[in-house]
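This report covers a metal site, a set of paired strands, several salt bridges and a surface patch. Please view the sequence and coordinates below before reading on.

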Amino acid sequence: MSKAYPPSPYSSPLGKHNAESHTLSVLVDNEPGVLARVVGLFSARSFNIESLTVAEVAHETHLSRITIATSGTPEVIEQVRHQLERLVPVHSVTDLTLAARAIERELAMVKVRGKGDARVEALQLAEAFRAKVIDATTESFIFEITGAPRKIDDFVDLMRPVGLVEVSRTGIAAISRGPEPI
Amino acid sequence: MAKHMTGAEMIVEALKDQGVEYVFGYPGGAVLPIYDALFGQNQVRHVLVRHEQGAGHAAEGYARSTGKVGVLLVTSGPGATNAITALTDALMDSIPLVCITGQVPTHLIGSDAFQECDTTGITRNCTKHNYLVRRIEDLPRVLHEAFYVASQGRPGPVVIDVPKDIQFASGAYHFQRNIQHKTYRPKLKGDSDKIKRAIEMMTKAKKPVFYTGGGVINSGPEAATLLRELVRLTGFPITSTLMGLGAYPASDKQWLGMLGMHGSFEANNAMHDCDLMICLGARFDDRITGRLDAFSPHSKKIHVDIDPSSINKNVKVDLGIIGDCAHVLEDMVRLWRAEAARPDAKALADWWKGIDHWRARNSFGYRNSKELIKPQHAIQRLYELTKGRDAYITTEVGQHQMWAAQHYKFEEPNRWMTSGGLGTMGYGLPAAIGVQLAHPKSLVIDIAGEASILMNIQEMSTAIQYRLPVKIFILNNQYMGMVRQWQELLHGGRYSESYTDSLPDFVKLADAYGAHGIRCSDPAKLDAAILEMIETPRPVIFDCLVDQKENCFPMIPSGKAHNEMILAELGDDAGVELGNVIDEKGKMLV
Ligand SMILES: Cc1ncc(C[n+]2csc(CCOP(=O)(O)OP(=O)(O)O)c2C)c(N)n1
Ligand SMILES: [Mg+2]
């Protein structure tokens with residue numbers, strides 16, 4: 001049977017091979033339950049959430065921005081967007097990855113334990129990544145680092161052999177470049 | 001002008017302002033103030049059901065047969081959870097409902113109080129939207145917004161959860177007509193460039209087919225009128241989903257019958273072989289498409305839908321038009337008339353010749369019998385004897401539902417109420433009650449199975465109380481026939497739990513409720529018995545004892561394509577080896 005069309009987003013659970021990561025910026029009414037609605041939609045429809053952040057961005061108008069990093073085939077990403085748009089308290093959904101002009105940042109706090117050479121090495125790496133020391137004891141540091149998620153991944157990977165204890169990350173905040181709003 | 005009143009009074013006032021005639025409900029501690037506000041007024045009439053699921057389906061029946069919003073009122077905790085099936089049913093079939101639930105007082109929310117449940121949490125994924133009202137100032141806006149959200153765009157159920165203290169609190173009530181929601185503004189008009197392209201594609205088609213669905217019905221009677229006009233103008237064949245029956249008259253020669261798993265041979269083959277599919281208000285559901293990667297492989301596809309998420313969800317289309325069916329159809333009719341180009345008449349005639357060839361196969365045909373009532377025959381007789389009698393049909397779920405869809409011919413929209421998306425056994429009787437209330441003079445028949453009817457049989461009592469002469473026409477095969485059919489297909493005919501022992505005597509049951517009971521097992525007496533049912537001015541339970549072995553054909557087995565249907569001769573008496581039809585992968589599907 002000839003395949004005239006690519007399979008539907010729902011019929012290809014193995015469609016991972018052409019999965020892409022996308023960051024969606026979702027402007028919502030900051031009302032009770034809105035986050036549960038968004039998260040519930042992802043679980044009910046088997047969409048992935050790689051990172052999710054939410055905070056109020058306009059106090060007077062009660063608007064919050066939810067930034068979601070998700071992954072899937074282009075068809076799945078299109079479904080995610082349309083399904084989000086169906087939610088009544090959603091004002092707009094922008095695929096920042098498609099806009100290709102997005103800046104993404106994440107903040108992480110990284111705890112490292114060690115003595116002697118390990119401490120020196122940790123400080124040198126931190127310097128190279130422009131991470132700040134925000135807490136120190138004789139046998140540990142906590143670094144604060146901000147950057148694109150990839151950069152944070154790299155920093156954490158480098159800290160692992162040095163004595164990584166744990167990491168706390170904020171998830172992604174994103175915005176589009178230039179003078180126009182998202 | 002703002003009037004001062006309690007929250008409970010606001011609810012009743014808002015229902016009046018929304019023109020609500022009937023509220024289907026059941027009282028309890030957390031809604032007593034609302035019941036008190038309903039007391040001693042006549043404008044909004046309360047219909048006391050016997051189970052909250054019944055309230056939901058009755059509201060659905062009312063909504064589907066009138067195009068208005070159906071309303072139900074239930075108490076907190078078990079009242080709300082009992083309504084969940086009906087809410088989910090309405091979500092799947094895009095039926096506008098407003099469901100008001102009582103809730104424990106705000107200060108007790110979260111404390112596991114008596115009859116508390118997280119209603120907005122539980123219903124979040126089975127409603128179009130829901131509200132928990134925590135301040136009396138929000139209540140008037142929420143009430144009217146709920147009606148707006150339920151009815152606009154793709155319709156659906158909306159829950160308003162109202163804590164008891166809010167029902168007692170007082171505040172200012174106000175109502176503006178034509179409220180708009182600050183974010184929710186569905187797009188009604190289709191993009192005119194795209195509609196132009198659609199018309200171009202239609203004029204170039206050699207093997208076109210219209211595939212229509214419940215969206216045409218939801219769009220209102222105007223959409224059905226325009227659809228008829230467009231189909232007539234183009235001369236194209238038309239088929240529809242289970243949900244869309246009645247939008248196009250079944251007696252017309254361009255009508256191919258329903259498509260899908262139990263659809264006609266001609267409809268499914270036309271879908272498979274067409275070069276242009278024009279989908280209006282349908283959603284490429286799995287009962288329709290069969291095996292997705294073999295679905296209509298050679299066609300260009302146009303999809304008109306009010307819900308952007310329906311477009312390219314299951315099937316990738318070439319042209320998606322977001323808009324309301326009536327608006328888009330209106331533009332299509334106008335542009336088609338203005339357009340000089342016409343499809344190749346010769347090609348279209350050849351296409352019809354092919355279709356007639358499929359049609360000649362008479363795929364809904366069956367071998368009739370003089371000894372046993374064949375269920376298909378029973379539906380055909382029911383149709384012939386109720387034709388022209390202003391009839392509305394509801395159904396339960398199972399083989400009888402499919403036979404009703406195949407053999408009852410619908411000429412008008414809003415006459416056919418069936419649970420399509422969720423497939424809820426127990427839907428038909430309460431739905432019929434809602435329909436009968438809306439159309440007191442009409443003939444309302446629930447075509448039922450003996451298993452399904454027992455799921456909400458308690459609503460007989462409601463029918464009696466409100467003198468609603470609904471007719472329950474049971475195709476009694478003693479089996480959960482559709483389950484038995486699948487056990488033949490998938491599980492070697494091992495009928496695990498699909499035979500119902502100890503059925504009630506339905507005639508006595510009718511009697512016990514105060515209705516009229518009829519039993520018939522003789523094909524020769526069937527017509528007289530059906531006429532007796534029609535002429536009885538009270539509720540009737542008709543126990544029609546039919547052939548227990550009959551299966552529902554044609555059928556596209558799960559995981560197969562439209563052109564791989566099983567047809568009746570293969571099946572049934574000849575004893576088809578149904579067990580070999582579905583392959584391993586198909587067995588995984590439902
Ligand atoms: C609430 C619910 N439970 C279970 C099912 C699964 N189911 C689908 S059809 C069917 C059998 C229906 O039997 P009956 O009402 O006698 O109809 P028949 O198929 O015999 O015409 C069952 C159990 C369902 N659709 N709904
Ligand atoms: Mg049965």
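Is D527(B) buried, partly exposed or exposed? At 27% relative accessibility, D527(B) counts as partly exposed, where buried means under 20% relative accessible area, exposed over 50%, and partly exposed in between (1.4 Å probe, protein chains only).

## Basis of the values

This is a predicted model, in which local features need pLDDT of at least 70 and side-chain atom pairs count only at pLDDT 80 or more, while totals for chains, interfaces and linings use all residues. Residues are numbered from 1 along each chain as its sequence is written, chains are lettered from A and ligands numbered from 1 in the order in which they are written, and side-chain values use heavy atoms, with hydrogens and water left out.

## Salt bridges

Over all chains, the structure holds 34 salt bridges (a side-chain nitrogen of Lys or Arg within 4 Å of a carboxyl oxygen of Asp or Glu). One of them joins D527(B) to R381(B), with the closest N and O atoms 2.9 Å apart. This pair links distant parts of the chain, 146 residues apart: D527(B) is in helix 23 (residues 526-535) of chain B and R381(B) in helix 16 (residues 375-386) of chain B. Helices (H or I, at least four residues) and strands (E, at least two) are DSSP runs, numbered from the N terminus. R381(B) is partly exposed, with a relative accessible area of 23%. A network of salt bridges with shared partners joins R86(A), R154(B) and D307(B).

D307(B) sits in the loop between strand 13 (300-305) and strand 14 (319-322) of chain B, and R154(B) in the loop between helix 7 (139-151) and strand 7 (157-163) of chain B, so the pair ties together parts that are 153 residues apart in sequence. Both D307(B) and R154(B) are buried.

In chain A, E106(A) and R169(A) meet in a salt bridge at 3.0 Å, N to O. E106(A) belongs to strand 5 (residues 102-113) of chain A and R169(A) to strand 8 (residues 164-169) of chain A, so this pair ties together parts that are 63 residues apart in sequence. E106(A) counts as buried because its relative accessibility is 7%, whereas R169(A), at 34%, counts as partly exposed.

## Magnesium site

The magnesium ion (ligand 2) is coordinated by E450(B) through OE atoms, by N477(B) through OD1 and by Y479(B) through O, at 2.1 to 2.5 Å. Donors are N, O and S atoms within 2.8 Å of the metal (3.2 Å for Na, K and Ca); water is not among the atoms, so sites may look incomplete. The donor residues follow the sequence spacing E-x26-N-x1-Y, and N477(B) and Y479(B) are buried.

## Strand 9 of chain B

Five of the five residues in strand 9 (residues 208-212) of chain B are buried. P208(B), F210(B) and T212(B) point one way, and V209(B) and Y211(B) the other way.

Strand 9 of chain B runs parallel to strand 12 (residues 276-280) of chain B, joined by five bridges; two strands pair if DSSP finds at least two bridges between them. V209(B) stands opposite M277(B) in strand 12 of chain B. Strand 9 of chain B also pairs with strand 10 (residues 238-240) of chain B, in the parallel sense over three bridges, and there T212(B) has S240(B) as its bridge partner.
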